[in-house]
Amino acid sequence: MEWRESDKVIIVEGSSDKKRVQLVLNEEVEVVCTNGTISQVKLDEFVEEFEDRDVYIFFDADQSGEKLRRQFKRELPEARHMYINKMYKEVASAPLYHLASVLLAANIDVKVQFLEQRVNE
């Protein structure tokens with residue numbers, strides 16, 4: 001089987017966010033990290049690398065996440081922004097059912113058990 005680059009890219013802040021998001025995904029989606037703050041050079045690289053793909057931004061609901069979000073809105077205005085509920089603050093600490101709901105609302109396929117989990121609580 002030949003490896004094919006996914007059409008979708010989710011950009012998160014850190015590796016713990018990446019691992020958490022990957023747990024609920026049910027389709028091939030590349031998940032990349034900014035590793036916190038991002039330089040203009042790295043941001044330009046992201047813009048060039050992802051220009052022909054569907055880009056989703058999924059940052060924490062805190063000051064640093066909002067700062068990053070503003071940068072990406074300027075440089076990648078066509079990207080779709082997904083928002084974590086402010087009560088969870090961080091993507092990495094949000095319940096899996098919440099992550100699955102946010103991703104599903106953005107038309108990203110998720111493992112159904114994470115959607116059912118909330119119903120059973």
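Reader: How many bridges join strand β1 (residues 8-12) to β3?

Author: Two strands pair if DSSP finds at least two bridges between them. Here β1 and β3 run parallel and share four bridges. One of the contacts is that of valine 9, whose bridge partner in β3 is valine 55. This is a predicted model, in which local features need pLDDT of at least 70 and side-chain atom pairs count only at pLDDT 80 or more, while totals for chains, interfaces and linings use all residues. Residues are numbered from 1 along each chain as its sequence is written, and side-chain values use heavy atoms, with hydrogens and water left out.

Reader: Why is β3 described as largely enclosed?

Author: Buried means under 20% relative accessible area, exposed over 50%, and partly exposed in between (1.4 Å probe, protein chains only). In β3 (residues 54-59), five of the six residues are buried, so the rest of the structure largely encloses the strand. Helix α4 (residues 96-105) is mostly covered, with seven of its 10 residues buried. Among them are Leu96, Tyr97 and His98. After α4 comes asparagine 107, with a positive phi near 65 degrees.

Reader: How many aromatic pairs does the structure hold?

Author: A pair of aromatic rings is described by the distance of the centres and the angle of the planes. Rings of Phe, Tyr and Trp (its six-membered ring) pair if their centres lie within 6.5 Å; planes under 30 degrees apart count as stacked, over 60 as edge-to-face and the rest as tilted. The structure holds three such pairs. The centres of phenylalanine 46 and phenylalanine 50 are 5.5 Å apart and the planes are at 35 degrees, so this pair is tilted. Phenylalanine 46 and phenylalanine 72 have centres 6.1 Å apart and planes at 35 degrees, so that pair is tilted. Phenylalanine 46 lies in helix α2 (residues 40-49) and phenylalanine 72 in helix α3, so the pair ties together parts 26 residues apart in sequence. Phenylalanine 46 is buried at 4% relative accessible area, and phenylalanine 72 is buried at 0%. Ring pairs link Phe46, Phe50, Phe59 and Phe72 into a cluster.

Reader: How many salt bridges does the structure hold?

Author: A salt bridge is a side-chain nitrogen of Lys or Arg within 4 Å of a carboxyl oxygen of Asp or Glu. The structure holds four. One of them joins glutamate 27 to lysine 8, with the closest N and O atoms 3.2 Å apart. Glutamate 27 is in the loop between α1 (15-24) and β2 (30-33), and lysine 8 is in strand β1, 19 residues apart. Glutamate 27 is partly exposed at 27%, whereas lysine 8 is buried at 15%.

Reader: Which side chain meets that of glutamate 30 in a salt bridge?

Author: The side chain of arginine 53 does, at 2.7 Å from N to O. Glutamate 30 lies in strand β2 and arginine 53 in the loop between α2 and β3, so the pair ties together parts 23 residues apart in sequence.

Terms used:
Helix = DSSP H or I, 4+ residues; strand = E, 2+ residues; numbered from the N terminus.
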